[in-house]
Amino acid sequence: MSRIVRSSKFRHVFGTPAKNENCYTNIKISKGPWESNMCSVNSKFVAVVLESQGGGAFTVIPVDKVGRVDINYPKVCGHRSLVMDIAWNPFDENVIASCSEDCTVKLWNIPDGGLKENLDQPLISLQRHQRKVGHLHWHPTAENILASSGFDCVIIIWNVGTGEEVFRVSGIHPENILSFDWNYDGSLLATTCKDKRIRVIDPRRNEVVTEGQGHTGAKPSRVIFCGPTDKLFTTGFSRSSERQYGVWNSSNLSNGALTFENIDNGSGVLFPFWDEGTHMVYIVGKGDTQIKYFELVENPPYVHFLTMYQSGNSQRGAAVLPKRHINYMLCEVMRFFKLQNKGLVEPISMTVPRKSEMFQDDIYPPAYAGIPSMTAEEWISGMNKNPCTVSFTPDGLVYNKPPEAKKDAPKKGSLMKTPSAEPENMTPMQAKVHEYEKRSSSTELREPRSNSASVSPPPIITTTTGSSLVEPHTDAEYRKAYFTVKEENADLKLQIEELKKKLASLERRATYKRH
């Protein structure tokens, strides 16, 4: 009997691990029992949660600093207890958020080139959770919006620009929140809970949009939104402890899963990773030696198994590089950073085999651009926007026109009204966004693949301490300038305190001699 093989351009995707000299070794990776990825990566840094005593710490290593990591390499060590999750800001690659068993969320600024000494002073410390904080997720489209979930069964939405709690999801989850994820435009959250229910929640209204029965096993389950589709993808366990995945209609969970499939009888928690460009889901099992990948389609059975990457070393966790930073001229579609139990971080490149050496545009639709499409205040007021995207071309990355706001009515319970779109009524931040959209509507913003020698350097300004600083124009440059001046201000305060102490000492000596 003949067997028909399903046609797919991603059926033969294969993984290629980096050579030992291009890995990161001698890292004391955390062995904590909490089920999180334990690492986060962007184009500048690799961050890994460490096994520490007497407090919580994680290390931040520049991406190009491969090889053996010194045992005394500087750490971020400002938490009083175990670090449970870390996440890079998608719009500022020098800012990372961390959460801990000490019930706090902290933000840290990592200088270009990495740390030179231990960092224990955060940019800001957020303290509203009453029990330990387990997960963090940055908003996909709005600047400075961060969500955190804790063992107090609460999700808090923060505006980290002001340090304020702007929304709270409470009274919905009767037990611990096991995972959560933002949808494509950041208007909804999907959660899994220890009560074995899956929920889609409007965080600005603190309302459940839809909920249904999830995986029936006792071990933790995970959930992710599948890009702009209306699908949710979950991993979990059956009542007989078989590992399984499920696909759901995010607009109606009460009808049950569109499909449930058992994967194997492993014991480790499964971490799903969604690739918007290929509509593939990669599943990384804690303690496994393989990464399995599936393709999501619109019609039943909704999910097709493709193949797997197999290695000889088990994995503790994993993170993925943002899509815009992969080597798309070599048909790379995903790059993992795999944490091995023996203290090694191993990059793994997922590649689509093609005979032609030309750019393959059919496997590279637009990807996240790493630019916020709206401000925190706009999202808080009820506005929704799709993410800013970047297109892949043989000549480099082309930043597409910023998306328009959706014509939805402001959400109930919003904290402020949507500001007027007239330039004279705009805040400085809105004026900058307005100017950016004006320029983008008439021309595309290009990021060339090679440096241009004809570009004139930006003007230089001098700070109060005499150091040179590029005059800021973009949001990222304004933030960098702010943090630079803030650090210098802190140094000046320390110097003033030292001078005050010396002056007091001299006054005491002078008084003693007079007597």
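User: How many helices and strands does the secondary structure of the protein chain come to?

Analyst: In this predicted model, the protein chain comes to 3 helices and 36 strands, where helices (H or I, at least four residues) and strands (E, at least two) are DSSP runs numbered from the N terminus. Local features need pLDDT of at least 70, side-chain atom pairs count only at pLDDT 80 or more, and totals for chains, interfaces and linings use all residues. Residues are numbered from 1 along each chain as its sequence is written, and side-chain values use heavy atoms, with hydrogens and water left out.

User: Why is Cys39 called buried?

Analyst: Buried means under 20% relative accessible area, exposed over 50% and partly exposed in between, with a 1.4 Å probe and protein chains only. Cys39 has 7% relative accessibility and therefore counts as buried; Cys388, at 4%, counts as buried too. Of the 515 residues of the protein chain, 51% count as buried.

User: How many disulfides does a search of the whole structure find?

Analyst: The search finds 0 disulfides, the criterion being a pair of cysteine sulfur atoms within 2.5 Å.

User: What makes a set of residues a nonpolar core, and which residues of the largest one touch the most other members?

Analyst: The set must consist of buried Ala, Val, Leu, Ile, Met, Phe, Trp, Tyr and Cys residues joined through side-chain atoms within 4.5 Å. The largest such core has 32 residues, of which Val13, Tyr282, Ile291, Tyr293, Phe336, Met350 and Tyr364 touch the most other members. Among the elements that give two or more residues to this core are β25 (280–285), β26 (290–296) and β30 (344–351). Apart from it lies another core, of 31 residues, including Phe45, Tyr73, Leu339 and Val345.

User: With which residues is Val13 in contact, leaving aside its neighbours within four places in sequence?

Analyst: Taking contact as heavy atoms within 4.5 Å, Val13 is in contact with Met280, Tyr282, Tyr293, Thr307, Met350, Thr351, Val352 and Pro353.

User: What makes β8 (83–88) and β11 (124–126) edge strands?

Analyst: Two strands pair if DSSP finds at least two bridges between them. In the open sheet of 4 strands, with the order β8-β9-β10-β11 and antiparallel pairing, β8 and β11 each pair on one side only and are therefore its edge strands.
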